[in-house]
Amino acid sequence: MIIGITGTPGTGKTSITKLLEDDPLCQVIHLNELIKEEKLYSEVDVERDCVVADMDLVYDRVLELQDKSYPVTIVDSHLSHHIADIVIVLRTSPGKLKERLEKRKYSVEKVRENLEAEALDIILAEAVDWCEKVFELDTTGGTVDRTFKDIGRIIKGLRRGDTEELEQEFRPGSVEWSDYFFD
Ligand SMILES: Nc1ncnc2c1ncn2[C@@H]1O[C@H](COP(=O)(O)OP(=O)(O)OP(=O)(O)O)[C@@H](O)[C@H]1O
């Protein structure tokens, strides 16, 4: 089973999936690193300091790398909802996300672009459109440990094939940032 952990940059995907690397039931693929290492992109966007991934190449490579001796393959990336049918979308309020992204010394434009994407639910909307099962998890107030435990519960539920209550608890649309104003 492939589970994507997606969300706007800074919402906590890497922090959580690094912890999942210690779980003997999970294979973890950090997709953004793989895309850069293996040049799975069609363009380099110098102005925006990023690459444009070739999602067909990426999808084929993930399937090649999937090690079926693990019951779960976790794909960490803001692009993982392009290739996984089951995804967990991490969310963070734009105010908190601004703090996290400014700490990274991102340019003003890059911070703003990401805050807009988060405020407008861009990744969540794509995930709901494209994926079979979507869980939405707010990382604004809680700790990394809390988020990690919630994701552990979701993974367990998926493995048991019993997610009815979890789908309710983490249903898409449960967070709302549209009242966030940009200064
Ligand atoms: N509840 C939480 N869950 C996850 N991360 C949190 C939480 N609270 C605070 N953080 C912090 O938010 C930051 C998230 O950074 P991280 O690199 O994990 O985000 P990311 O979504 O992987 O970003 P990118 O897409 O750029 O790789 C970390 O510094 C982490 O410690």
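**Exercise 1. Confidence**

What pLDDT does the protein average, and what percentage of the residues score at least 70?

*Solution.* The structure is a predicted model. Its average pLDDT is 94, and 98% of the residues reach a score of at least 70. The scores for the model as a whole are an ipTM of 0.96 and a pTM of 0.95.

**Exercise 2. The two faces of helix α4**

Determine which residues of helix α4 are buried, how they are arranged around the axis, and what they pack against.

*Solution.* Step 1: helix α4 spans residues 94-103, and its buried residues are P94, L97, K98 and L101. Step 2: these residues cover an arc of only 105° around the axis, so they lie on the same side of α4. Step 3: the face turned away from this buried side carries the exposed residues G95, E99 and K103. Step 4: the packing partner of the buried residues of α4 is α5 (108-119). Step 5: K105 follows α4 and has a positive phi, near 65°.

**Exercise 3. The surroundings of V58**

Locate V58, decide whether this residue is buried or exposed, and list its contacts beyond four places in sequence.

*Solution.* Step 1: V58 belongs to helix α3, which comprises residues 55-65. Step 2: the criterion for a buried residue is 20 or more other C-beta atoms within 10 Å of its own. V58 has 22 C-beta neighbours inside 10 Å and therefore counts as buried. Step 3: when residues up to four places away in sequence are not counted, V58 touches L31, I35, L40, A53 and I83. Step 4: the C-alpha atoms of V58 and Y41 are 8.4 Å apart, while the two residues are 17 residues apart in sequence.

Conventions:
Residues are numbered from 1 along each chain as its sequence is written. This is a predicted model: local features need pLDDT of at least 70, side-chain atom pairs count only at pLDDT 80 or more; totals for chains, interfaces and linings use all residues. A residue is buried if 20 or more other C-beta atoms lie within 10 Å of its own, exposed if 12 or fewer, and partly exposed in between; C-beta atoms are placed from the backbone. The arc is that of the directions from the helix axis to the C-beta atoms. Two residues are in contact if their C-beta atoms, placed from the backbone, lie within 7 Å. pLDDT is the predictor's confidence in each residue, from 0 to 100.
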